[in-house]
Structures are given as structure tokens and as C-alpha cells.
Amino acid sequence: MGKYSIKELEQLSGIKAHTIRIWEKRHRLIEPKRSTTNIRSYSDDDLKKIINVAVLNNNGVKISKIVQLSLAEINQQVVDLSESKNDIDIFIEQLIVAMVDMEEEVFEKLLGSLTLKFGFEKTMLEIVYPFMEKIGVLWLTDNITPAQEHFISHLIRQKIIVAIDALPIAPKTEKKAVLFLRETELHELGLLFYHYMVKKMGIRTYYLGQTVPHKSLVSACSEHQPDLIITALTAGPKPSEMQKYLDQLSSDFPNSRLLITGYALKKTDVNLPKNISIFPNVLILKEILSKN
């Protein structure tokens, strides 16, 4: 069971903490548990309810009307909305609920219908990628179990790999890119997104995957001489070691442009070497690549 703070509920649902408190007090919408020091905490069921209430409220249903509905009626109205509207936020919230419940059939069906409705690229860029950013809140606060993480990663990973394999391989005469994660990095879904986007743009890719030893990276780049090296830094290096690591990458691959993203970069100030650029998300990566 999850145990969320009111701030985490705000981040996941988009509803301000102040509003959630009002809904609690005035409408008894949810009843959080309280610690001995009177700090609120919320369950998975609270999270799912707030998300679905947020969907209805954001689509014009007054909270005074919502609180009169049963939980089943709230859920059904959200389903009806998703079938009648193309609101991206609704689909993101539905993915979060399916993940919390580990409803594989629901998740699979939703992803499939979104791909048919919007196409694979739009589904990934505008729905799945923001969804992954949102549930990053759960990873960072230990509110997602290893089973949930495996569940979500496996289903999305399958979709991306199938899409990557369907793309043509660019000839060796085209621009080349190496994609990798350093030795401590295990979460490769983001890198798979980048791989799909880079390959889709006609760049020849060499995907090394997760936990790549630095010597192996040097060897691969020596062989393929990439124009671009793309990676994400989530689990490290430590802030005190970040500058040294970036300087090493710059020094070891002086003829490549390094494009780097990740949570670890946000925790420290660094002086970027000339051949290193930071991109905050896949849309900015696409924009950078389209200009080169």
C-alpha cells in the first residue's frame, strides 16, 4: 500500500494541497490517516479517488455534484469522459490508476487504444512520457513497489522495442549516435524513448543499454566514432562527483557531442564543457536534433 503526503497527492493529481484540504473538511471526500504529530498520509485508494475526482472537476463537474456520486459512478464517468474526449490529462491519470492497481489488461487495452487513436509517437511523447515523469514522484518517495515498477516497465518496454525494431536502420553514411546508461543506472525506459526518437529521425544508432562500464563505452565509441552520445543520469554521480564525471566524458569523447538528461543533474550546479548539452525532456531532445 502506498503512503503519500499531501504534497505528493498534489503532484500526482494536479489538485492544489489547499484544495484537497478543503475537500476533506467540507465534503469528507477522503479521510487521511494522521501521525502522532498530526501529519496527514494518504493510501492508494485515496490517490485513485483524488485523481478521478480531479478529472471530473477539470472537465466542468462541480465538486458538490461529485461528492454525491458513489465511487463506482465516479469511475464510470471518468471512463465515459475518456471515450468522448481527447484530453491528454485524462489518459495520463487513467494510466496512473491502472499502474497503482497493477491492472495489466486495463493498462494494455488503454495503451493499445491510445496508439490507435493518436499514433505511436504522439502516444509516447504526449501521454506515456509525461506519465513516466509523474510516477517518478512515486519512485523518488518509495511509493511504488518493485512489483509495480516491473509491471509498468515491462509493458511499456515491449511497446517501445517493437516500435524501434519496425524503424529502418540508417546507412553508415548518416550521423551516428551511441546511447547508454552508466554502471549504476538501471532504469532504461527513458533511454528507450530517446532511442526511438533518434532512430526515427534517420540517425544511425548504437544502443548499449543500461549499466555500461566506462571501458566498454570507450571501446564502442572508438569503433563507431559517434557524432552524438546520449545518456541519462538518475542514480548518480553524487553532486560532489558530478563535475569530475562530466569533465571525464568531455575529455574521453572530444569529437562527439554529448546530450545528457536526468534527475541527478538537477541536484548540483556544474560548469558544462563545450561539447556537453543538457536536455530536460524528450521533446527538447527532438528539437535539438532537428536543428543539427
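Mentor: Let's start with a word we'll need: contact means heavy atoms within 4.5 Å. Keep in mind that this is a predicted model.

Trainee: Okay! Leaving aside neighbours within four places in sequence, which residues is glutamate 24 in contact with?

Mentor: Quite a list: Ile6, Leu29, Ile30, Pro32, Arg34, Arg40 and Tyr42.

Trainee: Is glutamate 24 buried or exposed?

Mentor: Buried counts as under 20% relative accessible area. Glutamate 24 has 6%, so it is buried. You'll find glutamate 24 in helix α2, residues 17–27.

Trainee: How do I read the way α1 and α2 cross?

Mentor: Two packed helices are described by the angle between their axes and the distance between the axes. Here, the axes of α1 (residues 6–13) and α2 come within 9 Å and cross at roughly 105 degrees. That makes α1 roughly perpendicular to α2.

Trainee: Which residues meet there?

Mentor: From α1, Ile6, Leu9, Glu10 and Ser13; from α2, Ala17, Ile20, Arg21 and our Glu24. Sorted by class, that contact has four nonpolar, three charged and one polar residue.

Trainee: Now for another helix. Which residues of α14 are buried?

Mentor: In α14, residues 282–290, they are Val282, Leu285, Ile288 and Leu289. Look down the helix axis: these buried residues fall within an arc of 115 degrees, so they line one face of α14.

Trainee: And what does asparagine 281 do at the start of α14?

Mentor: One of its side-chain oxygens reaches to within 3.1 Å of the backbone nitrogen of leucine 283.

Notes: Residues numbered from 1 in each chain as written. Predicted model: local features only at pLDDT ≥ 70, side-chain atom pairs only at ≥ 80, totals over all residues. Heavy atoms only, no water. Helix = DSSP H or I, 4+ residues; strand = E, 2+ residues; numbered from the N terminus. Buried < 20%, exposed > 50% of the residue type's maximum accessible area, 1.4 Å probe, protein only. Arc of directions from axis to C-beta. Polar contact = N/O pair within 3.5 Å; in protein donor to acceptor, adjacent residues only side chain to side chain. Axes fitted to C-alpha atoms, helices over the stretch in contact; angles between N-to-C directions. Parallel < 35°, antiparallel > 145°, perpendicular 65-115°, else oblique. Nonpolar A, V, L, I, M, F, W, Y, C, P; charged D, E, K, R; others polar.
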